[in-house]
Amino acid sequence: MQVDRISARDGFPLEVQVSGPEDAPALLLLQGQSNSHEWWDDLRGDFEPDFRTITFDYRGTGGSRGELGELSTASFAEDAVDVLDHLGADRAAIYGTSMGGRISQMLALNHPERVSALVLGCTSPGGPHAVKRPREVGQALARLRGDEHTQYLFDLFYTPEWTVSAEYSKMLGDDTMTAAESSAHLRVSANHNAWDRLPEISAPTLIMHGDADRMNPVGNARILHERIPGSQLLILPEGRHGFFEEFAEVVTPAVVRFLTESMQNS
């Protein structure tokens with residue numbers, strides 16, 4: 001994997017990771033809140049045969065550290081454009097999960113010419129029309145600390161059948177983040193609201209969700225499907241917030257097939 005350090009348009013340092021054939025179609029993977037590119041470590045290898053696979057560390061995670069300033073899903077989408085510009089990728093397929101799906105919406109809305117196809121996993125339109133997580137889930141996430149918090153989060157991501165223990169999961173947060181960085185990410189997710197503009201999305205779109213997701217209820221996938229013209233919807237029975245990893249043998253081929261067919265038809 002090639003690792004680059006680039007400067008965003010305001011000079012902020014971003015760390016970028018690229019793998020797969022240089023002449024293959026570009027695929028940008030966007031991870032969840034308070035996570036670095038490591039979110040994708042156990043999945044990106046399945047995309048590398050077909051795509052030039054790109055990730056970057058969001059501001060406040062991994063190798064992208066500095067004075068944060070005002071952040072939003074739209075500003076993170078601008079960082080994504082700076083990454084694509086640096087790599088000379090005029091267009092890319094976008095696969096965003098959780099907060100990464102919110103950022104993906106803004107990328108597709110504000111830079112439609114850069115997005116060849118769009119996959120939105122376990123995400124939400126945000127704002128007052130979104131389906132909120134159960135109150136007890138939010139309260140537990142705010143109250144629990146240390147190992148109890150980690151285990152609770154782990155149970156929101158995976159079913160009891162998932163055999164990888166919490167200490168090895170790459171999706172439970174970047175533990176190098178400061179409290180201020182984590183709070184900034186929380187605000188980015190909480191302030192997202194693309195409801196009004198979703199019908200403007202013109203890229204071929206696949207929306208995926210687990211039907212047992214208590215972190216981000218599956219009703220949000222149905223809202224996105226209703227709002228985004230011509231979108232496809234894939235619901236995974238029993239899937240929780242990390243369904244795309246736990247059921248990767250089903251989900252990833254579906255994503256690759258959708259992206260490949262969409263780009264062939266564009």
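**Figure 1. Leucine 144 in the loop between H3 and H4.** In this predicted model, leucine 144 is found in the loop that joins helix H3 to helix H4. Its relative accessibility is 13%, and because buried means under 20%, leucine 144 counts as buried. When its neighbours within four places in sequence are left aside, leucine 144 is in contact with His149 and Tyr152. Phenylalanine 56, by comparison, is 88 residues away from leucine 144 along the chain, and the C-alpha atoms of these two residues are separated by 29 Å.

**Figure 2. Helix H3 and its buried face.** The buried residues shown in H3 are Val137, Ala140 and Leu141. Seen down the axis of H3, these buried residues fall within an arc of 100°, so they line one face of the helix. The face of H3 that is turned away from this buried side carries Arg135, Ala142 and Arg143, which are exposed. What covers the buried residues of H3 includes helix H4.

Figure 3. The buried residues of H4 are Leu153, Phe154, Leu156 and Phe157. On the face turned away from the buried side, H4 carries the exposed residues Asp147 and Glu148. The cover over the buried residues of H4 includes helix H3, residues 135-143, and helix H7, residues 243-246.

**Figure 4. The packing of H3 against H4.** The axes of H3 and H4 are 9 Å apart, and the two helices pack at an angle of about 145°. From H3, the residues Glu136, Val137, Ala140 and Leu141 meet His149, Tyr152, Leu153 and Leu156 of H4. Sorted by class, the residues in the contact of H3 with H4 are six nonpolar, one polar and one charged. Val137, Ala140 and Leu141, which take part in this contact, are buried residues of H3, and from the other helix Leu153 and Leu156 take part, both of them buried residues of H4.

**Figure 5. The crossing of H1 and H2.** Helix H1, residues 73-86, and helix H2, residues 99-110, have axes that come within 8 Å and cross at roughly 70°. The two helices are therefore roughly perpendicular to each other. On the side of H1, the contact is made by Thr73, Ala74, Phe76, Ala77, Glu78, Ala80 and Val81, and on the side of H2 by Met99, Arg102, Ile103, Met106, Leu107 and Asn110. The residues of this contact between H1 and H2 divide into nine nonpolar, two polar and two charged.

**Figure 6. Two residues with a positive phi, serine 98 and glutamate 238.** Most residues other than glycine have a negative phi. Serine 98, although it is not a glycine, has a positive phi of about 55°. Serine 98 lies in the loop between strand S5, residues 92-97, and helix H2, and at 11% relative accessibility it counts as buried. Glutamate 238 is also not a glycine, and its phi is positive, near 70°. Glutamate 238 is found in the loop between strand S8, residues 232-236, and helix H7, and with a relative accessible area of 55% it is exposed.

**Figure 7. Aspartate 211 and the residues around it.** Aspartate 211 has its place in the loop between strand S7, residues 205-210, and helix H6, residues 219-227. At 39% relative accessibility, aspartate 211 counts as partly exposed. Apart from its neighbours within four places in sequence, aspartate 211 is in contact with Val218, Ile235, Leu236, Pro237, Glu238 and Gly239.

**Figure 8. Arginine 65 in the loop between S4 and H1.** Arginine 65 lies in the loop that runs between strand S4, residues 52-56, and helix H1, and its relative accessibility of 27% makes it partly exposed. Leaving aside its neighbours within four places in sequence, arginine 65 is in contact with Phe12, Pro13, Gly60, Asp174, Thr176, Met177, Thr178 and Glu181. Although arginine 65 and glutamate 181 are 116 residues apart in sequence, their C-alpha atoms are 9.4 Å apart in space.

How values were computed: Residues are numbered from 1 along each chain as its sequence is written. This is a predicted model: local features need pLDDT of at least 70, side-chain atom pairs count only at pLDDT 80 or more; totals for chains, interfaces and linings use all residues. Side-chain values use heavy atoms; hydrogens and water are left out. Buried means under 20% relative accessible area, exposed over 50%, partly exposed in between (1.4 Å probe, protein chains only). Helices (H or I, at least four residues) and strands (E, at least two) are DSSP runs, numbered from the N terminus. Contact means heavy atoms within 4.5 Å. The arc is that of the directions from the helix axis to the C-beta atoms. Axes are lines fitted to C-alpha atoms, for helices over the stretch in contact, and angles run from 0 to 180 degrees between N-to-C directions. Angles under 35 degrees count as roughly parallel, over 145 as roughly antiparallel, 65 to 115 as roughly perpendicular and the rest as oblique. Ala, Val, Leu, Ile, Met, Phe, Trp, Tyr, Cys and Pro count as nonpolar, Asp, Glu, Lys and Arg as charged, and the others, Gly among them, as polar.
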